[in-house]
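This report describes selected local features of a single protein model. The sequence and structure are shown first, and the description follows.

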Amino acid sequence: MPDLTSATTNSRRQRHHWRRDVVELAALFVAVATADLIANLVGHGPDGPVLLCASAAALIATAGFHTWWARHHSHSPPVSGAIGTEAAEPGESSAATGPDAGTTLWRMRTTVRDTPGSLAAVTTALAARGVDILTLQTHPLTDGTVDEFLLRAPAGLPAGELTRAAGAAGGRDTWIERADAHDLVDTPTRMLTLATRTAMDAAELPLALRQLFGRCTIRSIPSGRPGGDIAEDALEETVMRLRDPAGGTITVERAYLPFTPTEFARARALVELDDRLGVRVPEHRDVLTLPEGNEITVRRAGPEDLAAARDLHRRCSPATLAHRYHGPVADVDRYLNHLLSPRFGQTLAVETVSGRVVALAHLLWDGDETEVALLVEDAWQRRGIGLELLRRLVAQAVEADCESVYAVTRATNTGMIAMMRRLGLPLDYQVEDGTLVITATLSPAEASAPLR
């Protein structure tokens with residue numbers, strides 16, 4: 001939508017520059033005529049030196065006047081009455097540095113009556129406050145329509161003013177939060193992108209649901225546990241329950257905003273796509289050379305690696321298994337079905353040239369949090385494998401838009417503590433009954449930094 005304030009400012013600037021140019025042009029003609037007159041008097045009159053000195057003084061005075069004029073009139077005055085605009089200091093331009101300078105992106109959702117003119121009333125109220133509507137989605141309900149806007153508003157306009165404007169125009173149950181450049185992608189494009197990622201990797205389904213609905217908690221409940229078996233998909237205000245194609249239930253929950261039937265249909269479409277394609281894991285492999293010259297292969301692992309993972313457990317010492325699983329080592333095999341399922345996260349496996357799996361690394365979706373865990377066979381420890389795997393897990397977490405990752409280990413596991421420190425990320429430590437939880441805050445720049 002056009003910015004009327006900007007158009008008015010540009011018009012004032014054009015008129016102001018036109019007046020200044022006319023004044024300077026007139027001054028130039030006067031100066032030329034005066035110089036010609038003085039030259040004639042100097043050449044033909046007896047008081048030539050006196051007139052020459054007087055003309056020099058006049059030129060100095062004229063130059064001083066021009067400097068004063070340029071200093072006080074070279075910039076347009078600040079626009080009065082513009083929302084969120086501060087007056088410019090003398091000698092500084094009040095113009096924005098770009099089309100989006102001085103603005104804030106917001107996502108706003110409000111419910112209006114399903115009658116002609118209801119949406120127009122809300123948009124008119126927003127436009128009156130200098131707000132530009134970038135995108136609009138409508139979610140039909142039985143008793144109205146939920147309208148979701150992506151707004152570009154003046155930076156000085158508070159969120160409360162936007163919600164009050166929507167309420168005064170007939171909107172109810174209005175919700176608003178800050179948006180970013182990722183929200184500029186239109187919904188059909190976003191759905192196609194998420195569907196493509198889900199089709200390529202079964203582990204992407206929980207991430208796709210999280211990215212589709214923003215801040216929410218995604219949990220996979222195995223079959224046989226409370227809430228893990230449902231007769232059909234269900235929508236209950238802020239909670240969606242979807243039958244997991246791998247068995248069990250996927251719950252999607254957000255506390256601040258009820259889901260609409262349109263959002264429920266989108267979630268079911270992604271789950272149905274996952275069900276039709278079956279279990280799938282990317283087949284990408286990276287061959288690395290260790291410092292001593294041995295080659296290893298890093299690849300994604302899945303349920304088909306269950307037997308190899310059990311063999312790895314048998315070759316690991318009780319101390320190594322205790323550091324990894326923090327419980328009785330006799331029961332460690334029962335965790336593998338969960339760990340290797342793409343529904344609960346992503347697993348990396350390290351193979352030798354003979355095909356033996358000597359290490360596993362897990363990135364586990366834990367509600368709205370993300371856990372990292374490592375297991376390296378004793379004979380292959382202290383060769384940099386664990387740190388390489390940990391860095392890859394962190395990179396995957398960054399790609400999945402996770403804000404942090406945490407590792408649960410024992411306070412005596414100095415190797416895991418050292419690897420977390422070498423990531424170069426901000427760390428938080430919590431110790432309880434000998435169990436240590438290390439949380440690393442992520443950012444794209446830090447996650448890709450070189451090893452220290």
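## Aromatic pairs

The model contains 2 aromatic pairs, where rings of Phe, Tyr and Trp (its six-membered ring) pair if their centres lie within 6.5 Å, and planes under 30 degrees apart count as stacked, over 60 as edge-to-face and the rest as tilted. In one of them, the rings of phenylalanine 213 and phenylalanine 259 have centres 5.3 Å apart and planes at 70°, so this pair is edge-to-face. Phenylalanine 213 belongs to helix α6 and phenylalanine 259 to the loop between β8 and α7, so the pair ties together parts that are 46 residues apart in sequence. Helices (H or I, at least four residues) and strands (E, at least two) are DSSP runs, numbered from the N terminus. Both phenylalanine 213 and phenylalanine 259 are buried; buried means under 20% relative accessible area, exposed over 50%, and partly exposed in between (1.4 Å probe, protein chains only).

Tyrosine 325 and tyrosine 335 form a stacked aromatic pair, with 5.5 Å from centre to centre and 10° between the planes. Tyrosine 325 lies in helix α9 (residues 318-325) and tyrosine 335 in the loop between α9 and α10 (336-340), 10 residues apart. Tyrosine 325 is buried at 9% relative accessibility, whereas tyrosine 335 is partly exposed at 28%.

## Basis of the model

This is a predicted model, in which local features need pLDDT of at least 70 and side-chain atom pairs count only at pLDDT 80 or more, while totals for chains, interfaces and linings use all residues. Residues are numbered from 1 along each chain as its sequence is written, and side-chain values use heavy atoms, with hydrogens and water left out.

## The open sheet and its helices

An open sheet is formed by 4 strands in the order β5-β8-β7-β6, with antiparallel pairing; two strands pair if DSSP finds at least two bridges between them. Its edge strands, β5 (217-221) and β6 (234-236), each pair on one side only. From one strand to the next, the twist averages 15°. Strands β6 and β7 (residues 239-243) run antiparallel and are joined by 3 bridges; glutamate 236 has valine 239 in β7 as its bridge partner.

Helix α7 (residues 261-277) packs on the sheet and touches β6 and β7, its direction making about 25° with that of β7. Here contact means heavy atoms within 4.5 Å; axes are lines fitted to C-alpha atoms, for helices over the stretch in contact, and angles run from 0 to 180 degrees between N-to-C directions. Helix α6 lies across β5, β7 and β8 (249-253), at about 20° to β8. Of the 10 residues of α6 (residues 204-213), 9 are buried, so this helix is largely enclosed by the rest of the structure. Among the buried residues are Glu204, Arg210 and Phe213. Glycine 214, which follows α6, has a positive phi near 80°.

## Threonine 110

Threonine 110 is located in strand β1 (residues 103-112) and is buried at 0% relative accessibility. Its side chain makes a polar contact of 2.8 Å with the side chain of threonine 174. A polar contact is a pair of N or O atoms within 3.5 Å; within protein, one must be able to donate a hydrogen and the other to accept it, and residues adjacent in sequence count only if both atoms are side-chain atoms. A polar atom of the threonine 110 side chain also lies 3.3 Å from the backbone nitrogen of arginine 172. Leaving aside neighbours within four places in sequence, the residues in contact with threonine 110 include Val146, Phe149 and Ala166.

## Cysteines

The count of disulfides is 0, taking a disulfide as a pair of cysteine sulfur atoms within 2.5 Å. Cysteine 216 is buried, with a relative accessible area of 7%, and cysteine 402 is buried at 8%.
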